[in-house]
Each structure stands twice: as structure tokens, then as C-alpha cells.
Amino acid sequence: MRAARLAFLGPPGAGKGTQASLLSRSLGISHLSTGAMLRAMAATDTELGREVRERIAGGGFVSDELSARIVRDWLAKHPDEGFILDGFPRNLAQAQLCLDILDEVSRPLDAVVQIEVDEAEVVGRVAARAGAAIAAGEARRADDDPAVVADRIRIWRELTEPVGAFFASRGLLLNVDGMMPAPDVHDAISVGVAARLRA
């Protein structure tokens with residue numbers, strides 16, 4: 001079975017990063033977290049790093065062009081690897097960009113996994129993540145501030161939620177119940193992805 005090419009969708013705190021990490025290990029493919037890459041970029045003392053840092057601290061998103069450039073550069077450096085896109089695409093313009101970029105390199109998506117969770121659960125999970133970071137003596141992520149979380153959920157509802165319908169219309173969407181325990185979510189994703197790769 002060839003290496004899978006996937007993207008993950010879901011609101012902030014849905015568990016995309018956790019599930020993408022689990023699946024990348026079980027399938028032996030790369031977890032391309034644009035959020036983690038941008039946070040690393042924000043930690044640098046460069047003009048671009050400061051710009052990204054300000055956007056993240058305010059709960060906003062970076063430009064479509066920068067997100068696309070990160071993905072395009074990674075694909076160019078890893079021509080034969082399977083991947084999970086986590087954090088891209090975030091809006092309809094990026095969704096079309098994503099398909100265009102992957103079409104350019106003849107590496108179309110096998111599936112887009114959408115992890116569905118209630119908004120109240122999202123708020124609770126992000127608060128728990130922030131609390132765990134503080135307890136461990138680590139810095140809380142700037143985008144884990146409750147006010148920022150509420151704004152990110154609003155942005156997700158307005159800009160990112162329609163991306164699911166975009167991919168569904170192309171037969172790529174795989175909906176998974178993210179309210180289950182994490183191991184069960186992983187199992188559901190694994191079964192769904194395996195079925196797509198066999199199709």
C-alpha cells in the first residue's frame with residue numbers, strides 16, 4: 001500500500017495535532033504541522049518571525065501565500081513521502097491552492113479527515129492544554145488565551161468550516177467523531193483512511 005496523502009480539518013482544540021501525530025507514526029508518513037512550523041518561525045528574531053508572532057498572539061492567521069509556500073517548499077524537498085497536512089488549508093482560497101499545489105506535483109489527496117467536536121468541548125480542551133503547560137513550567141501558547149480561543153472558534157466557523165463542504169463535494173471528506181476517547185478516534189481514522197487507500 002503506497003504512502004497516504006492526507007489533510008486534517010477541525011476546530012481549534014479538536015485534537016488534530018494529536019491524531020495527526022498518532023497516524024503519522026502508525027503509517028510511517030510525515031506530519032506537516034503548519035502551526036508548529038509557524039510557531040518555530042515566530043521564535044526567530046527576524047522581520048518575518050516578528051510578523052508571524054504578532055499574528056499568532058492576536059489569534060489571527062498568516063497569509064494564504066505564506067501557508068502555501070510552506071507546504072510547497074516541503075513537498076519539493078520530500079518528493080516521495082506521504083504526508084498529513086495539519087493546519088492547511090484553513091479557508092476556501094487555501095483549499096483550492098492546496099489542490100492546485102498537489103496537482104502540480106501529481107500527489108493528490110487520498111482523504112481529508114474532519115474531526116468533529118462540540119464547541120464547549122473545544123474550550124475545555126484548550127483550557128486543559130494551557131493548564132498542563134503552566135503546571136509543567138512551560139509557556140502557555142499565545143493562542144490558548146480564552147479570549148483568543150473564542151475568536152479562533154468564530155474564525156474557524158466562518159472561514160474553515162466551509163472547507164469541509166468543499167472537499168466533500170470532491171468525494172474526499174472523511175468525518176470522524178472527535179468526542180470519543182483519543183484511541184477510538186485514532187482507530188476510526190485509521191479504518192477510514194485504509195478504506196480510502198484500498199478504493
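Which residue lies over the face of F166? That residue is R170, at 3.7 Å from the ring centre; a charge counts as sitting over a ring if NZ of Lys or CZ of Arg is within 6 Å of the ring centre and within 35 degrees of the ring normal. The model here is a predicted one, where local features need pLDDT of at least 70 and side-chain atom pairs count only at pLDDT 80 or more, while totals for chains, interfaces and linings use all residues. Residues are numbered from 1 along each chain as its sequence is written, and side-chain values use heavy atoms, with hydrogens and water left out.

Now for the overall picture. The protein chain has eight helices and five strands, where helices (H or I, at least four residues) and strands (E, at least two) are DSSP runs numbered from the N terminus. Starting at the N terminus, the order of elements is β-α-β-α-α-α-β-α-β-α-α-β-α. The radius of gyration of the protein chain is 16 Å, close to the 16 Å that the globule rule gives for 199 residues, so the chain is as compact as a globular protein of that length. This radius is taken over C-alpha atoms, and the rule itself is 2.2 Å times the number of residues to the power 0.38. Along the principal axes, the C-alpha atoms fill a box of roughly 45 × 40 × 30 Å. Of the 199 residues, 44% count as buried (buried means under 20% relative accessible area, exposed over 50%, partly exposed in between, with a 1.4 Å probe and protein chains only). As for contacts (heavy atoms within 4.5 Å), take those between residues at least 6 apart in sequence: 72% of them join residues at least 24 apart.

Helix α7 comes next. Its 23 residues, 146-168, should span 33 Å at 1.5 Å a residue, and the end C-alpha atoms are 31 Å apart, which agrees; the expected span is 1.5 Å times one less than the number of residues. Even so, α7 has a kink of about 45 degrees centred on R157, the bend at a residue being the angle between axes fitted to the seven residues ending there and the seven starting there. The buried residues of α7 include V148, I153, W156, F166 and F167. Among the elements that cover the buried side of the story are β1 (5-9), α3 (47-57), β4 (111-116) and β5 (173-177).

What about aromatic pairs? A search of the whole structure finds two of them. In the pair W74 and F83, the ring centres are 6.2 Å apart and the planes are at 75 degrees, so this pair is edge-to-face. The rings of F166 and F167 have their centres 5.2 Å apart and their planes at 85 degrees, so this pair is edge-to-face too. For the cut-offs, rings of Phe, Tyr and Trp (its six-membered ring) pair if their centres lie within 6.5 Å; planes under 30 degrees apart count as stacked, over 60 as edge-to-face and the rest as tilted. W74 counts as buried at 11% relative accessibility, and F83 is buried at 0%. F166 is buried at 12%, and F167 at 0%.

W74 also belongs to the buried set of α4, along with L66, S67, A68, I70, V71 and L75. The 14 residues of α4, 64-77, should span 20 Å, and the end C-alpha atoms are 20 Å apart, which agrees. The buried residues of α4 pack against β2 (30-33), α2 (34-42), α3, β3 and α5.

F88 sits in the loop between β3 (83-86) and α5 and is buried, with a relative accessible area of 1%. Leaving out residues up to four places away in sequence, F88 touches A7, T34, S67, A68, V71, Q94 and C98. F88 and D64 are 24 residues apart in sequence, yet 9.2 Å apart in space, C-alpha to C-alpha. A cis peptide bond joins F88 and P89, with omega at about 5 degrees. Another backbone detail turns up at S106, in the loop between α5 and β4: phi is near 55 degrees, a positive value in a residue other than glycine. Most residues other than glycine have a negative phi, and most peptide bonds are trans. S106 counts as exposed, at 60% relative accessibility.
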